[in-house]
Amino acid sequence: ALSRSEFALADYTQWISLSSNAVTPRLQRARLLLLQDKPAEALQDLDTVLDTAPLDADALELRADVLTKLEHHQLAIADLTRLLQLQPQRAELFRQRAVGFALLEHSKAAAEDLQRAVRLDPSDHLFVRQAVTDVIAWSDLAAARNLLTIADAVTRSDDELLLLRASLQYD
């Protein structure tokens, strides 16, 4: 017996066979393929979608996820950069791109993106804490201090961030 996702996959495949340039079924099929842990197949659909609609934000974001899963970090960063041109106020996109930069050992670029993300969403305690810890691990104490300054209101109400701030004052 076929599962619901296998039925849906068959339906999307049939829809695509009837209309090969249709964006929606390819995007949905790519999501299903990714859920089935078939990122290379999902990537083919996403490439086709972006050939047809190069500024499709959903496709860019999903392809960046797929490329990250496939460890093609430079390509994922390129998609996230294009997406940030379309949606520059999304902190999570800067976070994602920072991860890609960090995996490529571009700690300065990663720290800059973390700072942008914190500026856009300084109220996320857990993210600020993780960002500061990551930047300290990269030995960029100035960037860590800057993150704490940007998120000053959060820092003052979070004991762990207060400890991080205090420890940075002595380094």
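Helix H2 passes helix H3 in a left-handed crossing, a crossing being left-handed if the near helix is turned anticlockwise from the far one by less than a right angle, and right-handed if clockwise. The model is a predicted one, in which local features need pLDDT of at least 70 and side-chain atom pairs count only at pLDDT 80 or more, whereas totals for chains, interfaces and linings use all residues. Residues are numbered from 1 along each chain as its sequence is written, and side-chain values use heavy atoms, with hydrogens and water left out. Helices are DSSP runs (H or I, at least four residues) numbered from the N terminus.

Two packed helices are described by the angle between their axes and the distance between the axes. The axes of H2 (residues 23-35) and H3 (residues 39-52) come within 8 Å and cross at roughly 160°, where axes are lines fitted to C-alpha atoms, for helices over the stretch in contact, and angles run from 0 to 180 degrees between N-to-C directions. H2 and H3 are therefore roughly antiparallel to each other, a term applied to angles over 145 degrees. On the side of H2, the contact (heavy atoms within 4.5 Å) is made by Val23, Arg26, Leu27, Arg29, Ala30, Leu33 and Leu34, and on the side of H3 by Pro39, Glu41, Ala42, Asp45, Leu46, Thr48, Val49 and Thr52. These residues divide into nine nonpolar, two polar and four charged, with Ala, Val, Leu, Ile, Met, Phe, Trp, Tyr, Cys and Pro counted as nonpolar, Asp, Glu, Lys and Arg as charged, and the others, Gly among them, as polar.

H2 also packs against helix H1 (residues 4-18), at an angle of about 150° and with the axes 9 Å apart. That makes H1 roughly antiparallel to H2, and H1 passes H2 in a left-handed crossing. Ser5, Ala8, Leu9, Tyr12, Thr13, Trp15 and Ile16 of H1 meet Thr24, Pro25, Arg26, Gln28, Arg29, Leu32 and Leu33 of H2, and the contact comprises eight nonpolar, four polar and two charged residues.

Arg26, a residue of H2, is buried, with a relative accessible area of 12% (buried means under 20%, exposed over 50%, and partly exposed in between, with a 1.4 Å probe and protein chains only). Leaving aside neighbours within four places in sequence, Arg26 is in contact with Ile16, Ser20, Asp45, Thr48 and Val49. The side chain of Arg26 reaches the backbone oxygen of Ser20 at 3.2 Å.

Ser139 lies in the loop between helix H8 (125-137) and helix H9 and, at 62% relative accessibility, counts as exposed. The C-alpha atoms of Ser139 and Ser107 are separated by 9.2 Å, the two residues being 32 residues apart along the chain. Leu141, found in H9 (residues 141-150), is partly exposed, with a relative accessible area of 25%. Leu141 and Leu55 are 86 residues apart in sequence and 37 Å apart in space, C-alpha to C-alpha.

Methods: Helices (H or I, at least four residues) and strands (E, at least two) are DSSP runs, numbered from the N terminus. Angles under 35 degrees count as roughly parallel, over 145 as roughly antiparallel, 65 to 115 as roughly perpendicular and the rest as oblique. A polar contact is a pair of N or O atoms within 3.5 Å; within protein, one must be able to donate a hydrogen and the other to accept it, and residues adjacent in sequence count only if both atoms are side-chain atoms.
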